[in-house]
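Visitor: I have a model on my screen and want to learn how to read it. Where do we start?

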Amino acid sequence: MRGASAADPADRRALVYSLTKTILAAAVLRLAARGVVDLDGPAERWLPELAGRPVSVSVAQILTHRAGLPEYGGRADYHAAVAAGAEPWSGDEFLARCGVAQGEGPPVGGFAYSNIGYLLIGRLLERAGGAPLAELLAREVFGPLGLSSASLLRDRSDLDGLFFGPSPNFGGAPVAEAYHPGWVSHGVAAMTAADACRLIHGLTEDYLPDALLRRMRDGLPVGGPMGGRPWVEPSYGLGMMVELDPVAGPYWGHTGGGPGVTPAAFHAPGPVPVSVAVFLDGEDGNLAEWMAVEVLHRLRGVR
C-alpha cells in the first residue's frame, strides 16, 4: 500500500473518484460568482428531471446531499454490472433505475449521500455553462488552478497507464482492462497526487470570492461519528467534507473510493496552510483518510 512518496512519485495519474465532487462544486461556484447560477434558487430551472418530484430543492441542497435524492451505491444490479465488466448505464438509465422522476429517495433536508445528485450537477453545469462537462471543467477548474495533469475520463482506453492496485471486484484482472469510468455516474477525473494537492490548496480568494469559499466550507453535521474513520465531528459543505471539531480540525477536502485506488485530499488552514493528498493502491478508505490526516496534523505541528 502506498500513496505519493519517493517510492511512488507524485507524477502518477489516478482516478480520483468522489474527489470529483469537489471539482464539480467548485465549477458551480464559479458560475454562481458570475451570477449565472443561483445556489438558493430552484434547481428545476436547470434540471427538468426534478420537476415532477413532490418537493422543490435548491442547487445548494443538491451540493450538500440534502435534496432527498436516491443513491445507487448499495444496489445489487449496479455492483453485478460493474463486476461483470459491462458497459455503464447511461445517465438517463441511472435516473430511471433509482426512481428520480417518481420521487424516490430519503426526506429532503437530511443528509443522504447521493451520487445521483452529482450526476444532475454535471447536467446543470453543461446547461448553465454552455459547454460539454469535460470542456467546462477544464475552463473553470483545471486551467485556473494549474492542474496540468487533470482531465475528465470517458472511455475504457482513458485508463491506460493510470495508477491502480488490484481490486476484488474483478477476480484478479487488471482494473484498467475490466473497469469503465462511466460507472461513476457524475463523471470521474484523473490527475496526479501533486495536482490533487494543488486542487484542494487552490480553493482560495484568488479563485473564488470569500463569501462563496466560506459557504463551501460551512459544513452541516452528517449525523454522528463514522466508525473507523478519523472524523470527530464530520460534516459536509458544498462538495466538501469538513471536520468541525476544533481540536481535530479544522480541515476539509474529500475522499474517493472505487476499484483499485483510494484518493484522499485534505487542507488545513492556518498561518502556514497545509494540503495533503494520498493515493492508496487499494480500496481501504479508512486507511487512506487516516494516512492523510496524520500527515496533515504532523505538518501543522499537531501531536
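Guide: Start with one term. A residue counts as buried when its relative accessible area is under 20%. Phe94 has a relative accessible area of 1%, so Phe94 is buried. Trp183 also has 1%, so Trp183 is buried. Keep in mind that this is a predicted model.

Visitor: How many of the 303 residues, as a percentage, count as buried?

Guide: Of the 303 residues of the protein, 54% are buried.

Visitor: What about the overall build?

Guide: The secondary structure comes to 10 helices and 9 strands. The radius of gyration is 18 Å, close to the 19 Å from the globule rule for 303 residues, so the protein is as compact as a globular protein of that length. The C-alpha trace spans about 50 × 45 × 35 Å along the principal axes.

Visitor: Now the rings. What describes a pair of aromatic rings?

Guide: Two values do: the distance of the centres and the angle of the planes. This structure holds 14 aromatic pairs. Take Phe94 and Trp183. Their centres are 6.2 Å apart, their planes are at 80 degrees, and the pair is edge-to-face.

Visitor: Where in the chain do Phe94 and Trp183 sit?

Guide: Phe94 is in helix α4 (residues 91-97). Trp183 is in the loop between α7 (175-178) and β3 (188-192). They are 89 residues apart, and the pair links distant parts of the chain.

Visitor: Show me another kind of pair. Why do Trp231 and Tyr251 count as tilted?

Guide: Planes under 30 degrees apart are stacked, those over 60 are edge-to-face, and the rest are tilted. The planes of Trp231 and Tyr251 are at 40 degrees, so the pair is tilted; the ring centres are 5.2 Å apart. Trp231 lies in the loop between β4 (220-221) and β5 (234-236), and Tyr251 in strand β7 (residues 251-255), so the pair ties together parts that are 20 residues apart in sequence.

Visitor: Are Trp231 and Tyr251 buried or exposed?

Guide: Both Trp231 and Tyr251 are buried.

Visitor: Which residue lies over the face of Tyr118?

Guide: Lys21 does, at 5.8 Å from the ring centre of Tyr118.

Visitor: Where is His65 found, and what is its phi?

Guide: His65 is in the loop between α2 (59-63) and α3 (76-83). Its phi is positive, about 60 degrees, although His65 is not a glycine. His65 is buried too, with a relative accessible area of 2%.

Visitor: Which residues does a cis peptide bond join?

Guide: Gly249 and Pro250, with omega about 0 degrees. Pro250 is in the loop between β6 (241-243) and β7.

Visitor: How much space lies in the largest pocket?

Guide: About 800 Å³. Its lining has 35 residues, and Ser18, Tyr113, Asn115, Gly256 and Gly257 lie nearest its centre. The elements giving two or more residues to this lining are α3, β5, β7 and α10 (285-299). The lining divides into 16 nonpolar, 15 polar and 4 charged residues.

Visitor: And the second largest pocket?

Guide: That pocket holds about 280 Å³ of space. It is lined by 19 residues, with Gly91, Arg154, Ser185, His186 and Gly187 closest to its centre. α4 and α5 (115-129) each supply at least two lining residues. α5 gives the most, with 4 residues.

Technical notes. Residues numbered from 1 in each chain as written. Predicted model: local features only at pLDDT ≥ 70, side-chain atom pairs only at ≥ 80, totals over all residues. Heavy atoms only, no water. Phe/Tyr/Trp six-rings, centres within 6.5 Å; stacked < 30°, edge-to-face > 60°. Buried < 20%, exposed > 50% of the residue type's maximum accessible area, 1.4 Å probe, protein only. Lys NZ or Arg CZ within 6 Å of the ring centre and 35° of its normal. Rg over C-alpha atoms; globule rule 2.2 N^0.38 Å. 1 Å grid on protein atoms, 1.4 Å probe; cavity = no way out; pocket = protein on both sides within 12 Å on 5 of 7 lines; lining within 4 Å. Points joined across faces, edges and corners; volume = space filled by probe spheres on them. Nonpolar A, V, L, I, M, F, W, Y, C, P; charged D, E, K, R; others polar.
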